[in-house]
Amino acid sequence: MSEELFISTESDKDARYRALLPQVRSLMAGEPDAIAKMANLAAALCQTFHFFWVGFYRVVEGEKGEELVLGPFQGPIACTRIQRGRGVCGTAWATRQTVVVPDVEQFPGHIACNSASRSEIVVPVFREGRVVAVLDIDSENLRAFDQVDAEYLERMAAYLFEEMS
Ligand code: SME
């Protein structure tokens with residue numbers, strides 16, 4: 001596809017995700033490099049929704065075992081490493097579930113990479129049944145994320161390691 005993103009001007013979030021979904025799919029089609037796909041997905045989400053921070057943490061094997069390491073992102077600088085079960089990201093990894101946090105101050109163990117972040121959603125990224133990364137999105141507004149975000153973001157995250165032509 002061309003390198004130009006069509007951004008729906010609908011105010012309705014669902015409609016904006018619906019317009020974005022097939023574009024994300026074709027952006028990824030035929031591209032085998034996961035980092036390149038993560039980078040473009042983070043950029044496409046940021047261009048469409050102007051989120052405060054959008055990015056990936058990848059599960060990487062280190063000296064002390066597996067941990068999350070900062071990957072492609074859009075937004076201010078962020079923490080580079082997160083342990084399994086720690087913070088919202090480490091929780092999504094450990095539980096293999098999407099975590100929606102309406103108010104980060106109410107989430108025990110939330111890792112504040114930036115004090116401007118007020119709410120957050122973290123979606124696990126699977127490859128052959130294993131969590132290999134998480135997609136993390138932060139907002140400066142409270143209660144920015146709900147089931148609509150969860151549903152579309154899970155579908156987009158699934159494209160990352162799906163065979164498609
Ligand atoms: N808040 C996250 C850490 C990552 S930053 O938000 C970019 C967490 O609690 O895991």
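R18 and D14 are 4 residues apart in helix α1, a separation of about one helical turn; helices (H or I, at least four residues) and strands (E, at least two) are DSSP runs, numbered from the N terminus. The two side chains form a salt bridge with an N to O distance of 2.9 Å, the term denoting a side-chain nitrogen of Lys or Arg within 4 Å of a carboxyl oxygen of Asp or Glu. R18 is partly exposed at a relative accessible area of 48%, and D14 is partly exposed at 24% (buried means under 20% relative accessible area, exposed over 50%, partly exposed in between; 1.4 Å probe, protein chains only).

The model is predicted: local features require pLDDT of at least 70 and side-chain atom pairs count only at pLDDT 80 or more, whereas totals for chains, interfaces and linings use all residues. Residues are numbered from 1 along each chain as its sequence is written, and side-chain values use heavy atoms, with hydrogens and water left out.

In total, 6 salt bridges are present in the structure. One of them pairs K13 with D149, whose closest N and O atoms are 2.5 Å apart. Because K13 belongs to helix α1 (residues 13-28) and D149 to helix α4 (residues 147-159), this pair ties together parts 136 residues apart in sequence. K13 is partly exposed, with 24% relative accessibility, while D149 is buried at 1%.

A further salt bridge joins R81 and E67 at 2.7 Å, N to O. This pair links distant parts of the chain, with R81 in strand β3 (residues 81-82) and E67 in strand β2 (residues 65-74), 14 residues apart. R81 is partly exposed, its relative accessible area being 49%, and E67 is buried at 10%.
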